[in-house]
Amino acid sequence: MPYYVYILQSLKDKTFYVGSTQDLCSRLIRHNGGRVTYTKPKRPWKLVYSEQHSNRSSAAKRETQIKSHKRRAYIEALIQKS
């Protein structure tokens with residue numbers, strides 16, 4: 001089963017959240033349902049980017065790579081390309 005790296009954007013304050021999961025649909029439901037502590041106060045969220053990986057390890061590495069850039073412009077460029 002594939003793994004996904006995803007980026008969510010808060011409709012409340014336009015911030016981004018980067019994560020990885022095996023089930024993208026249920027993960028988005030958990031974020032919007034308030035079951036994720038970090039994202040709860042910034043609900044609702046929309047999925048703005050995702051990419052598929054063949055295993056958990058490569059998805060986790062990619063998630064870390066995206067998070068390491070620390071610049072909003074990098075994430076916005078990534079979204080624009082997709």
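Buried residues, meaning those under 20% relative accessible area, make up 35% of the 82 residues in the protein. On this scale a residue is exposed when its relative accessible area is over 50% and partly exposed in between, with a 1.4 Å probe and protein chains only. The model is predicted: local features need pLDDT of at least 70, side-chain atom pairs count only at pLDDT 80 or more, and totals for chains, interfaces and linings use all residues. Residues are numbered from 1 along each chain as its sequence is written, and side-chain values use heavy atoms, with hydrogens and water left out.

The overall dimensions come next. The radius of gyration of the protein, taken over C-alpha atoms, is 12 Å. This value agrees with the figure near 12 Å for a compact globule of 82 residues, where the globule rule is 2.2 Å times the number of residues to the power 0.38. Along the principal axes, the C-alpha atoms fill a box of roughly 30 × 30 × 20 Å. The accessible surface comes to about 5,300 Å², and 51% of this area belongs to carbon and sulfur atoms; the areas come from the Shrake-Rupley method with a 1.4 Å probe, and for residues only the protein chains shown count as cover.

The secondary structure comprises three helices and three strands, and the order of these elements from the N terminus is β-β-α-β-α-α. Both kinds of element are DSSP runs numbered from the N terminus: helices are H or I runs of at least four residues, and strands are E runs of at least two. A contact requires heavy atoms within 4.5 Å. Among contacts between residues at least 6 apart in sequence, 56% join residues at least 24 apart.

Tyr 3 is found in strand S1, which covers residues 3-10, and is buried at a relative accessible area of 19%. Leaving aside residues up to four places away in sequence, Tyr 3 touches Thr 21, Gln 22, Glu 51, Gln 52, His 53, Asn 55, Arg 56 and Ala 59.

Side chains of opposite charge can pair when their charged atoms come close. A salt bridge is a side-chain nitrogen of Lys or Arg within 4 Å of a carboxyl oxygen of Asp or Glu, and the count by this rule comes to four. One of them joins Arg 62 and Glu 51, with an N to O distance of 2.7 Å. Arg 62 lies in helix H2 (residues 56-68) and Glu 51 in strand S3 (residues 45-53), so this pair ties together parts that are 11 residues apart in sequence. Arg 62 is buried at 15% relative accessible area, and Glu 51 also counts as buried at 15%.

Helix H2 holds a further pair, Glu 63 and Lys 67. Their closest N and O atoms are 2.8 Å apart, and the two residues, being four positions apart in the helix, are separated by about one helical turn. Glu 63 is buried at 14% relative accessible area, whereas Lys 67 is partly exposed at 40%.

In helix H3 (residues 72-81), Arg 72 and Glu 76 are likewise four residues apart, about one turn of the helix. Their side chains meet in a salt bridge with an N to O distance of 2.9 Å. Arg 72 is partly exposed at 39% relative accessibility, and Glu 76 is partly exposed at 35%.

For the protein as a whole, the mean positions of the 17 positive and 5 negative charges are 4 Å apart. Here Lys and Arg count as positive and Asp and Glu as negative, while His and the chain ends are not counted; each charge is placed at NZ of Lys, CZ of Arg, CG of Asp or CD of Glu.

The backbone of the loops remains to be described. Most residues other than glycine have a negative phi, and most peptide bonds are trans. The peptide bond from Arg 43 to Pro 44 is cis, with omega near 0°, and Pro 44 has its place in the loop between helix H1 (24-32) and S3. Lys 14, in the loop between S1 and strand S2 (16-21), has a positive phi near 65° and is partly exposed at 43% relative accessible area. Lys 70, in the loop between H2 and H3, has a positive phi of about 55° and is exposed at 74%.
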